[in-house]
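This briefing concerns a predicted model.

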Amino acid sequence: MSIFENFSKKITETAKAAAKKSGDIVEITKLNMSIGAEEDKIKRTYMEIGKTIYERFCKGEGVPEGLEDFCEKIRGYENNISEMKEKINVLKNIKICPSCNAELELDTNYCPKCGMKQEKVKTEEQQKEEDSNNEEAQK
């Protein structure tokens, strides 16, 4: 065998080994992606289970023992979100239609989207003025 034949043989063997390794890496990557997709499905299913339990809690139906505290925490988080959204609405000088959730100017009497009659909402300044007047009247 000449040096060139030996060298050629070594190159061929190395190329075959690299091709096999490359194929293995592609297969491993595909499997890891499939594992990730299955783990995502599990997480979504866990969330669906939790949502179902919380919906039962909100309806006053029984929930498994020990989960009431978790449901109460969620209710507290929802209350916090509602309060923050209301503060945003005050800062933006808008109100939300209770029927269709459209954003409306504070002085709007009827919702242009659904036609529902709107309650009068006081601006932040009007509320502060009324509060200070009430405090002075109580003195």
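Tyr 46 is found in helix H1. With a relative accessible area of 57%, Tyr 46 is exposed, because the threshold for that class is over 50%. Together with Ile 42 and Ile 49, Tyr 46 makes a nonpolar surface patch of about 330 Å².

**Helix H1**
- Helix H1 spans residues 3–58 and contains 56 residues.
- From its first C-alpha to its last, H1 reaches 82 Å, which is close to the 82 Å expected at 1.5 Å a residue.
- After H1 comes Gly 60, which has a positive phi, near 85°.

**Buried residues of H1**
- Ile 53, Tyr 54 and Phe 57 are the buried residues of H1.
- These buried residues of H1 pack against helix H2, which covers residues 68–92.
- Tyr 54 is thus listed as buried, whereas Tyr 46 is exposed.

**Asn 109 and its loop**
- Asn 109 is located in the loop that lies between strand E2 (103–105) and helix H3 (124–138).
- The relative accessibility of Asn 109 is 34%, so this residue counts as partly exposed, a class that lies between under 20% and over 50%.
- When residues up to four places away in sequence are not counted, Asn 109 touches Met 116, Lys 117, Gln 118 and Lys 120.
- One of these contacts, Lys 120, is 11 residues from Asn 109 in sequence, and their C-alpha atoms are 7.5 Å apart in space.

Technical notes: Residues are numbered from 1 along each chain as its sequence is written. This is a predicted model: local features need pLDDT of at least 70, side-chain atom pairs count only at pLDDT 80 or more; totals for chains, interfaces and linings use all residues. Side-chain values use heavy atoms; hydrogens and water are left out. Helices (H or I, at least four residues) and strands (E, at least two) are DSSP runs, numbered from the N terminus. The expected span of a helix is 1.5 Å times one less than its number of residues. Buried means under 20% relative accessible area, exposed over 50%, partly exposed in between (1.4 Å probe, protein chains only). Contact means heavy atoms within 4.5 Å. Patches are made of residues with over 30% relative accessible area and no salt bridge: like charges are joined within 9 Å, nonpolar side chains (Val, Leu, Ile, Met, Phe, Trp, Tyr) within 5 Å. Accessible areas come from the Shrake-Rupley method with a 1.4 Å probe; for residues, only the protein chains shown count as cover. A salt bridge is a side-chain nitrogen of Lys or Arg within 4 Å of a carboxyl oxygen of Asp or Glu.
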